[in-house]
Amino acid sequence: MTADPTPGYPTTTPASSGLTAPLKNRHSIVDDVTDRLITAIAVGEYLPGRRLPAERDLAASLQVGRVTVRAALARLVENGLLETVRGRGGGSFVKEQWSTTSGESVHRTLTARWEELVDTLEAVRLFHGTIARAAAENRTAEDVDALRYCLEDYRHADSGHDSQKADERLHLAIGQAAHNKTLRTVLLQLESTISLAAPAHLWGMPEGMRAMELRALTDHELLVDAICNQDASAAAEIGAEHARIDLELFQEAMQRTRV
């Protein structure tokens, strides 16, 4: 993404693939961008209370014009998913995660790109395993301290947005511990084709969120221990398995559209 670079990852523009790939169908570009933004909110890329990136950054990520993004955001406001705040610190904020019409948008977005999405998620999973292995092999004493701190930060974070941000910080610390800029760059490029909020991960729907967070905590504990103990094989296996959560959350969103 081109929006506000996150420490630990270089700024990058995603390639045209995954959920950011233009969809060629009879719908207008505004329709497609509207569906993509609704899906991003529905699967928890942006949780209630979170501000979406600026129009120019969304336009760059989605490879469309700012006028298109503005029109799509206006539709989300009409649907009750967003609210607009004016002035300093303002912008488009998530109000609700799922409206009565969200299922149609989520279904269109995911079914049209499902095969490519699954393929990209598998690549992301493998890269998470590779970076975890590299972290176990290359971590320093300073990295160990940072990983332990981030783990405790996640452990004590409130459910929802705070946990999502703590998770992001922990994975950034793992990436730093790998000491390989190329691996971090490729992973971010892949994740940016799936999530507009990358390197933040999608966080799912409220009803299953806490269970997912606790499951992730167990994974995080095992992963940090493996990296700190320089057990490269275990770190690679745990890191790759942990990354399956993203696909499961997309599958849950698809299942909800069929209810």
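In what sense do strand β1 and strand β2 pair, and over how many bridges? The pairing of β1 (residues 82–85) with β2 (residues 91–94) is antiparallel and runs over four bridges. Strands count as paired if DSSP finds at least two bridges between them. The model is predicted: local features need pLDDT of at least 70, side-chain atom pairs count only at pLDDT 80 or more, and totals for chains, interfaces and linings use all residues. Residues are numbered from 1 along each chain as its sequence is written, and side-chain values use heavy atoms, with hydrogens and water left out.

Within the strand pair, V85 faces G91 of β2. Five residues separate the strands of this hairpin. Among the hairpin residues, G87 adopts a positive phi near 85 degrees.

The protein chain holds ten helices and two strands. These are DSSP runs, numbered from the N terminus: helices are H or I with at least four residues, strands E with at least two. Their order along the sequence is α-α-α-β-β-α-α-α-α-α-α-α.

The protein chain has 259 residues, of which 53% are buried (under 20% relative accessible area, 1.4 Å probe, protein chains only). Among contacts (heavy atoms within 4.5 Å) with a separation of 6 or more, 77% join residues 24 or more positions apart.

R256 sits over the face of W98, 4.3 Å from the ring centre. The criterion requires NZ of Lys or CZ of Arg within 6 Å of the ring centre and within 35 degrees of the ring normal.

Technical notes:
Buried < 20%, exposed > 50% of the residue type's maximum accessible area, 1.4 Å probe, protein only.
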